[in-house]
Each structure stands twice: as structure tokens, then as C-alpha cells.
Amino acid sequence: MQYMLMCCIDEALWNGLPDAERDSVMNDYHALIQEMVTSGHYRGGARLQSVDSATTLREQNGKVVTLDGPFAESREQLGGFHVVECRDLDEALALARRIPPLRVGGSVEVRPVDPAYQL
């Protein structure tokens with residue numbers, strides 16, 4: 001079964017970390033992704049650019065309106081995502097627990113991918 005691991009962090013907190021700590025987290029992150037690729041769990045994913053580069057679409061009065069920036073009500077922002085193949089939720093959670101930004105205040109939402117819509 002496939003699971004999406006959605007990695008969130010408060011961008012202000014992330015940007016406030018010392019460069020050496022951010023570099024350490026990202027080096028560990030790259031190593032984890034390589035390990036997941038080698039083990040056959042990794043199906044895809046990406047790191048996202050800052051929320052400052054976001055564009056949001058909403059429908060208002062029957063017309064689609066384009067807005068600059070994110071408009072979700074959240075103090076954490078989606079920083080990236082991974083799709084992994086796992087036997088079950090426990091295996092997906094075990095992978096998610098190893099995502100390095102957790103140690104600096106990040107969070108990871110783990111959600112099954114609907115098999116009816118998998119590519």
C-alpha cells in the first residue's frame with residue numbers, strides 16, 4: 001500500500017535555525033531518502049519552495065480567483081512530501097519517525113493513498 005508522508009514545519013522556525021543545524025538535518029534527510037530508494041520503499045517526492053512562492057486558487061461567485069501566497073489557516077507549512085510503498089501503516093509510521101526535521105520541531109502527517117486513484 002502506498003502512503004504519503006507530508007512534512008510540515010514553521011518556516012520562521014526553520015529559517016531561524018543556525019546554518020550548520022539546517023545543513024545537518026538536510027544531509028541526514030538525503031541519506032534517509034537514498035536508504036528508502038535502495039530498500040524499494042520510495043516512490044517519489046519533493047522538497048517545496050518557500051510559501052512565499054505559493055499561488056492559491058479559490059472559487060468565488062462562480063469564478064476562479066488566483067491569489068498570491070498560501071491561505072491555509074496553519075502555523076506550519078508543507079515543506080515537502082514523499083510517497084512510500086509499505087506493507088502497512090506501522091511500516092509507514094516507522095519510516096516517518098526517521099524524517100530528520102522532526103528533531104527541530106517539524107511534523108509528518110502520514111496518510112494512505114487511495115488505491116482507486118494511484119498512478
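With which side chain does the side chain of glutamine 2 make a polar contact? The partner is the side chain of glutamate 85, at 3.4 Å. A polar contact is a pair of N or O atoms within 3.5 Å; within protein, one must be able to donate a hydrogen and the other to accept it, and residues adjacent in sequence count only if both atoms are side-chain atoms.

The structure is a predicted model, in which local features need pLDDT of at least 70 and side-chain atom pairs count only at pLDDT 80 or more, while totals for chains, interfaces and linings use all residues. Residues are numbered from 1 along each chain as its sequence is written, and side-chain values use heavy atoms, with hydrogens and water left out. The term pLDDT denotes the predictor's confidence in each residue, from 0 to 100. For the protein chain its mean is 92, and 96% of the residues reach 70 or more. Confidence is lowest in strand E3 (residues 55-60), with a mean of 88, and highest in helix H3 (residues 89-96), with 98. Where pLDDT is low, the predicted coordinates should not be read in detail.

The overall architecture comes next. The protein chain has three helices and six strands, and from the N terminus on these elements follow the order β-α-α-β-β-β-β-α-β. Helices (H or I, at least four residues) and strands (E, at least two) are DSSP runs, numbered from the N terminus. Along the principal axes, the C-alpha atoms fill a box of roughly 50 × 45 × 20 Å. Of the contacts with a separation of 6 or more, 75% are accounted for by residues 24 or more positions apart; contact means heavy atoms within 4.5 Å. Of the 119 residues in the chain, 33% are buried. Buried means under 20% relative accessible area, exposed over 50%, and partly exposed in between (1.4 Å probe, protein chains only).

Individual residues illustrate these classes. Glutamine 2 belongs to strand E1 and counts as buried because its relative accessible area is 13%. Leaving aside residues up to four places away in sequence, glutamine 2 touches Arg43, Val83, Val84, Glu85, Pro112, Val113 and Gln118.

Glycine 40 is placed in the loop between H2 and E2, and its relative accessibility is 32%, so it counts as partly exposed. Its C-alpha atom is separated by 17 Å from that of isoleucine 99, which is 59 residues apart from glycine 40 along the chain.

Is histidine 30 buried or exposed? This residue of helix H2 is exposed, because its relative accessible area is 51%. Histidine 30 and alanine 12 are 18 residues apart in sequence, and their C-alpha atoms are 22 Å apart in space.

Asparagine 61 occupies the loop between E3 and strand E4 (63-68). With a relative accessibility of 82%, asparagine 61 therefore counts as exposed. Its phi is near 55°, a positive value in a residue other than glycine.

Elements giving two or more residues to the lining include strand E1 (2-9), helix H2 (19-39) and strand E5 (77-85).
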